[in-house]
Amino acid sequence: MSHQCSHGHIHPNFSQTLLTPEEQRRMTVQLSLAMTTIGLILLSLLWRSLAPQQTAISDLLAGVAWLIVAIPVFRAGLHSLRHPDLHGVTDLLIVLAMLGAWALGDLITAALLPVLMIFGHMLEERSVMGTRQAIAGLTQLTRSKARRVRADDSLEEIDSRAVRKGDIVEIRAGDNVPADGKIISGYASLDVASITGESVPQEAGPGTLIFGGAINLNGLLRMEVTHTGEQSTLGKVIALMKDAEQAKPPITRLLERYASQYLILVLLIAASTWFLTYDSQAMLAVLVAACPCALVLSAPATAMAGIAVAARHGVLIRNAAFLEELADVDALIIDKTGTLTQGRLRLVDSVLAPQCKYDQVLQLAASLGATSSHPVSHALAEYVDAQNKVSVQDVEEKQGLGIVARTDSGIALLGRADLFAEYAITTLPQPDHQGPIVGVAHQGQFLGWLLLADTLRPESPEALQELRQMGIDKQLLLTGDRLAAANSVAQSLGIQEVVAQALPATKLQVVQKAVNEGWRPLVVGDGINDALALKAGAVGMAMGANGADIALVSADVVLTGSDLRRIASAIRLSRKCRQTLMVNVFIGLGWTILIVAAAALGWLGGAGALVAALLHNLSTLMVLGNTGRLLQFDETH
């Protein structure tokens with residue numbers, strides 16, 4: 001961000017970790033210099049009051065105090081001449097004001113000016129540390145001990161950073177999950193609020209994919225590690241937050257473009273003040289008052305607070321620019337499978353033969369499904385009840401037809417209508433259904449049809465209705481699925497426009513067409529075929545919980561969970577950030593103009609430069625205070 005100037009400016013910098021040893025040393029030195037300078041100035045003033053006739057000693061103390069802070073200030077000013085930026089303007093104005101005070105013989109003012117500015121810059125850096133603390137807090141979630149299961153089933157305790165893909169780890173109640181993985185045994189409730197923003201614990205059992213950084217609230221789990229370090233969900237969260245923190249908001253880049261012109265304008269105002277009033281204090285006060293710190297801080301402070309709050313809600317914003325873009329979106333283009341829907345097949349209905357019991361038919365189908373890797377079989381296998389599981393042998397999977405197996409009481413079949421025709425089994429009429437249909441037969445008798453579908457996420461209707469209430473009425477369903485399935489989903493959600501059977505190139509064209517028509521679409525997707533479309537929209541948003549890596553890379557915003565209601569939360573936060581930024585810019589610009597005018601007119605009195613420095617710090621405090629209100633934004637419940 002623009003206020004991170006490790007390259008020689010007089011304000012401290014905090015790098016990717018909260019404070020490195022080098023930064024701690026630099027801060028300590030700056031604080032020590034400032035406190036020593038204040039001590040010497042107090043001694044100078046005390047000596048002047050006790051021995052007014054011995055001004056030489058008083059001036060010597062003030063001179064030493066000035067010299068202590070002059071060297072780092074001159075170095076910062078020299079660097080700013082070589083590498084001009086917004087903070088460089090402040091450094092150069094302080095150098096000029098300090099030299100002016102020194103030339104006028106006012107050594108106390110010359111020494112106090114940089115001290116006051118150092119304290120002001122430390123106030124600014126508090127806003128940087130807020131985001132750094134959020135990143136450091138997330139990093140600590142996986143920094144713990146992990147219990148790795150050896151080949152002989154014994155446990156070894158290792159550092160969580162030593163966990164590798166394919167390792168089996170044991171997670172006890174109260175433990176942090178050390179990496180992303182798939183549960184192979186055990187049941188537990190997991191606190192995933194720090195990663196997805198979900199306040200309701202996640203219920204996890206065998207086969208469940210869980211995130212590193214989640215906290216096991218109860219139960220004993222064994223998990224196979226699937227992703228570690230930067231490849232894990234939490235690793236991606238941290239990397240995105242670091243990238244976002246480094247990015248400059250558009251308004252900051254605009255201000256930097258005119259930094260040199262601003263410096264010339266301030267020098268002209270200061271020179272005019274001197275020529276019109278011959279008041280040296282007023283001239284120095286203009287130089288100090290014109291330091292644009294509050295204005296410079298307004299955008300980065302707002303952006304970083306917004307990014308930190310968004311991360312707390314399970315919304316990762318890759319770049320501060322997209323935080324602003326989100327406020328402008330007026331259309332939604334959304335994928336179906338895995339975005340509006342669960343992305344996996346579920347049993348939604350059944351048509352059974354008379355006298356057939358649903359539970360018995362389901363357990364037979366589930367037991368047969370457990371023997372196959374076909375997506376439909378896999379979906380049915382989830383309904384297996386260990387207590388009522390049907391024993392099957394001699395399983396034969398007939399390609400494109402289904403499964404034939406032998407049970408203790410006869411031959412069982414699971415599959416399409418063609419499979420039953422092959423075995424001369426009479427079926428019930430096949431129901432009209434937009435999704436996979438499988439039949440079940442046992443001992444030559446047809447038992448019924450099972451209807452599966454990719455079901456809607458429970459929050460989808462509420463999420464889309466919420467967006468309509470926010471003025472995003474243009475909603476388009478863009479999917480590679482069949483038109484009938486797409487229309488069914490669109491109708492249930494109140495979406496008016498549908499584009500189905502769309503290839504990646506088609507999706508890109510649809511998004512570009514919306515942009516060319518003047519819309520600012522938010523594109524939401526999760527798959528490889530959504531990557532091009534995500535890049536083309538005003539803002540691209542990916543579903544991070546089960547999204548393809550390329551979709552996550554292409555997106556500007558990532559939802560770490562799967563709750564679509566977070567889309568509305570992100571847009572509301574973005575609009576609140578914009579309001580906060582406007583107030584901050586008004587404070588920064590308005591306050592600077594006010595104190596420059598007061599300084600030029602001589603209203604700041606005999607110690608004008610010092611009063612200007614104090615008023616300058618007050619504007620920085622006001623900007624930070626206003627930005628702090630953003631941190632109260634909370635929709636995590």
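Predicted model: local features only at pLDDT ≥ 70, side-chain atom pairs only at ≥ 80, totals over all residues.
Which residue forms a salt bridge with Arg346, and how far apart are the closest N and O atoms?

**View 1. Salt bridge between Arg346 and Glu382.** In this pair the closest N and O atoms are 2.9 Å apart. Arg346 belongs to strand β12 (residues 341-352), whereas Glu382 sits in the loop between α14 (375-381) and β13 (392-398), so the contact ties together parts that are 36 residues apart in sequence. Both side chains are partly exposed: Arg346 has a relative accessibility of 26%, and Glu382 has one of 40%.

**View 2. Salt-bridge network of Arg148, Arg150, Glu156 and Asp167.** Because its relative accessible area is 23%, Glu156 is classed as partly exposed. Arg150, at 41% relative accessibility, is likewise partly exposed. The structure as a whole contains 21 salt bridges.

**View 3. Salt bridge between Arg172 and Glu170.** The closest N and O atoms of this pair are separated by 3.1 Å. Arg172 is partly exposed, with 36% relative accessible area, but Glu170 is buried, with 9%.

**View 4. Aromatic cluster of Trp66, Phe74 and Trp102.** Ring pairs join these three residues, and the structure holds 6 aromatic pairs. The ring centres of Trp66 and Phe74 lie 6.4 Å apart with their planes at 80 degrees; the geometry is therefore edge-to-face, as the angle is over 60 degrees. Trp66 is buried at 10% relative accessibility, while Phe74 is partly exposed at 33%.

**View 5. Largest nonpolar core, with Leu93, Leu113 and Val288.** The core comprises 43 residues, among which these three touch the most other members. At least two core residues come from each of α1, α2 (55-82), α3 (86-103), α4 (107-140), α8 (259-277), α9 (280-289), α21 (565-600) and α22 (608-628). Helix α3 gives the most, contributing 8 residues.

**View 6. Nonpolar surface patch of Leu43, Leu46 and Leu50.** Together these leucines make a patch of about 320 Å². Leu46 is located in helix α1 (residues 21-50) and is partly exposed, with a relative accessibility of 46%.

**View 7. Cysteines Cys356 and Cys577.** A disulfide is a covalent bond between the sulfur atoms of two cysteines. A search of the whole structure returns 0 disulfides. Cys356 is partly exposed, at 24% relative accessibility, whereas Cys577 is buried, with a relative accessible area of 5%.

Definitions and conventions. Residues numbered from 1 in each chain as written. Heavy atoms only, no water. Phe/Tyr/Trp six-rings, centres within 6.5 Å; stacked < 30°, edge-to-face > 60°. Buried < 20%, exposed > 50% of the residue type's maximum accessible area, 1.4 Å probe, protein only. Patch = residues over 30% accessible without salt bridge, like charges linked within 9 Å, V, L, I, M, F, W, Y side chains within 5 Å. Areas by Shrake-Rupley, 256 points an atom, 1.4 Å probe, with all protein chains shown as cover. Salt bridge = Lys/Arg side-chain N within 4 Å of Asp/Glu carboxyl O. Helix = DSSP H or I, 4+ residues; strand = E, 2+ residues; numbered from the N terminus. Disulfide = S-S within 2.5 Å. Core = buried A, V, L, I, M, F, W, Y, C linked by side-chain atoms within 4.5 Å.
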